[in-house]
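Notebook open, structure loaded. I went through a loop, some helices and a surface patch, and jotted down what I looked up.

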Amino acid sequence: RHNRYGDTATRLFLMSPRLLVATVAVGLMTGLDDLLYAYGLAYLPVSTSSILISTQLAFTAAFALLLVRQRFTGSTVNAIVLLSVGAAMLGMNAGGDRPAGVTRAQYSAGFGMTLGAAALYGLMLPVMELSQAKHEARTGAAVTYTLVMEMQIVIGFTATAFSAIGMFVIND
């Protein structure tokens with residue numbers, strides 16, 4: 001298609017329907033990830049939460065290996081081992097840094113939710129890469145800056161809608 005100036009017309013939406021569905025799914029995952037992180041942080045000290053969230057690197061590497069066949073390097077393996085050991089040490093000393101007024105059950109729930117948030121975020125990044133690669137292979141169109149920005153807008157709106165609906169449901 002050409003516009004009145006003879007240039008190729010730019011489409012308003014660059015996403016294919018399949019890519020839109022994948023992007024909405026990532027937006028829902030983002031909303032759930034934010035929920036898990038917020039609730040986890042409510043029961044953990046920031047230092048513990050930060051160490052647990054840093055394990056997302058290990059989850060990202062594992063999911064990237066499974067979904068997009070990313071290869072491991074020595075540095076990647078070293079980082080994964082160190083982060084895993086740190087999280088395991090925290091788990092063995094569960095409750096030693098428990099904030100005042102937080103029960104053991106709440107602390108454990110916060111630990112699990114924060115680790116779940118790290119795992120979910122580690123899954124989202126390879127899913128985004130895989131969906132972009134499949135879009136490129138299916139359509140033959142390159143993944144451009146405009147397409148990535150369009151995807152980010154859909155992800156942001158979907159995650160915001162997820163959070164807003166959740167807040168409305170619980171009357172928050």
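This is a predicted model: local features need pLDDT of at least 70, side-chain atom pairs count only at pLDDT 80 or more; totals for chains, interfaces and linings use all residues.

I started at Ala-100, which sits in the loop between α4 (74-92) and α5. For helix labels I use DSSP runs numbered from the N terminus: H or I of at least four residues for helices, E of at least two for strands. Ala-100 has a relative accessible area of 81%, so I put it down as exposed. My classes are buried under 20% relative accessible area, exposed over 50%, and partly exposed in between, with a 1.4 Å probe and protein chains only. I also checked Ala-100 against Tyr-43: they are 57 residues apart along the chain, and their C-alpha atoms are separated by 9.7 Å.

Residues are numbered from 1 along each chain as its sequence is written, and side-chain values use heavy atoms, with hydrogens and water left out.

Next, the overall picture. I get six helices and zero strands, in the order α-α-α-α-α-α along the sequence. Of the 172 residues, 29% count as buried. I took contact as heavy atoms within 4.5 Å; of the contacts between residues at least 6 apart in sequence, 76% join residues at least 24 apart. The accessible surface is about 10700 Å², with 67% of that belonging to carbon and sulfur atoms. Those areas are Shrake-Rupley with a 1.4 Å probe, and for residues only the protein chains shown count as cover.

Then helix lengths. For α5 I have 36 residues and 52 Å from first C-alpha to last, close to the 52 Å expected at 1.5 Å a residue. The expected span is 1.5 Å times one less than the number of residues. Just after α5, Gly-140 takes a positive phi of about 80°. The 27 residues of α1 should span 39 Å, and the end C-alpha atoms of α1 are 40 Å apart, which agrees.

What covers α1? The buried residues of α1 include Leu-19, Thr-23, Val-26 and Gly-27, and their cover includes α5 (104-139) and α6.

The elements giving two or more residues are α1 (17-43) and α6 (145-169), and α1 has the largest share, six residues. Leu-28, in α1, is partly exposed because its relative accessibility is 42%.

Thr-158 is in α6 and is buried at 13%. Leaving out residues up to four places away in sequence, Thr-158 touches Val-24, Gly-27 and Leu-28. A polar atom of the Thr-158 side chain lies 2.7 Å from the backbone oxygen of Val-154.

Thr-55 is in the loop between α2 (46-54) and α3 (56-68), and I have it as buried at 4%. The Thr-55 side chain reaches the backbone oxygen of Leu-52 at 2.5 Å.

Methods: A polar contact is a pair of N or O atoms within 3.5 Å; within protein, one must be able to donate a hydrogen and the other to accept it, and residues adjacent in sequence count only if both atoms are side-chain atoms.
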